[in-house]
Amino acid sequence: MTNSETRRKWDAAAGLFDLVGAFGAERRWTPVKRRLFSGMEGRVLFVAVGTGLDIASFPPGSDITGIDISPKMLAKAEPRAANYPGTLSLHVMDVHEMSFPDASFDQVHTSCTFCSVPDPVGGLQALRRVLKPGGRLRMFEHTGSRIFPFNAMLNLMNPIARRLGPEINRDTVANVRAAGFEITCVTNIFLDVVKTIEATAPA
Ligand SMILES: C[S@@+](CC[C@H](N)C(=O)[O-])C[C@H]1O[C@@H](n2cnc3c(N)ncnc32)[C@H](O)[C@@H]1O
């Protein structure tokens, strides 16, 4: 999938995204996200902001730069960003082609992002470029499974899911490693499908 196809797909999803995401899933995972994001320190890059549902879980007073490839998703995030009690700037930007200089950020946070980025290893390598050496990557992601029958179900449903939104059978832990990060902690939240991944950019 090209980057412009990705933008079109997420622009099309923007209208209904909050309706689908804001209630069950978002309420269920909010405590986990709050804990993960509570470690925000220094200059933080957040990829990808989407409609800004995660903003309510950001700790107050942080210095956050948020990006997303979809202008329509970000337009929905604007009012949420305006109410954030800290510094939060939003930019329409593709993670594969970020305009930030090397080593701009102390931390990168993601939330259901690398199910959706078209070239996950390339996108993660781009995050390594903008992170300071020793900088932290903290991710809340859903992935494929190694447990039968969940792996079979996710593989079966993936062709439909990816047309409307995310891929649901990726091995994001392996992708983080392949991009050259050192993994420090993987915590399964629901089966081995919803997880947090913490990693460090090599010094
Ligand atoms: C499943 S949504 C998650 C949004 C938000 N983090 C949340 O959990 O509510 C995936 C997001 O990734 C964004 N995205 C996909 N490919 C991207 C890319 N190459 N660069 C930046 N953002 C991208 C989409 O526009 C979409 O907003």
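Reader: Which atom of Val95 lies 3.0 Å from a nitrogen atom of the ligand?

Author: A polar contact is a pair of N or O atoms within 3.5 Å. In this predicted model, a backbone N or O atom of Val95 is 3.0 Å from a ligand nitrogen atom. For Ile69, a backbone N or O atom lies 3.1 Å from a nitrogen atom of the ligand. Asp54 uses an N or O atom of its side chain, 3.2 Å from a ligand nitrogen atom.

Reader: How much of the ligand's accessible area does the protein cover?

Author: Accessible areas come from the Shrake-Rupley method with a 1.4 Å probe. On its own the ligand has 590 Å², and the protein covers 97% of that.

Reader: What can I trust here, and how are residues numbered?

Author: This is a predicted model: local features need pLDDT of at least 70, side-chain atom pairs count only at pLDDT 80 or more, and totals for chains, interfaces and linings use all residues. Residues are numbered from 1 along each chain as its sequence is written, and side-chain values use heavy atoms, with hydrogens and water left out.

Reader: At what angle do helix α1 and helix α3 pack?

Author: Axes are lines fitted to C-alpha atoms, for helices over the stretch in contact, and angles run from 0 to 180 degrees between N-to-C directions. Helix α1 (residues 3-21) and helix α3 (residues 71-82) pack at about 40°, their axes 6 Å apart.

Reader: Which peptide bonds are cis?

Author: One joins Val47 and Ala48, with omega about -10°. Another runs from Phe148 to Pro149, with omega near 10°.

How values were computed: Helices (H or I, at least four residues) and strands (E, at least two) are DSSP runs, numbered from the N terminus. A polar contact is a pair of N or O atoms within 3.5 Å; within protein, one must be able to donate a hydrogen and the other to accept it, and residues adjacent in sequence count only if both atoms are side-chain atoms.
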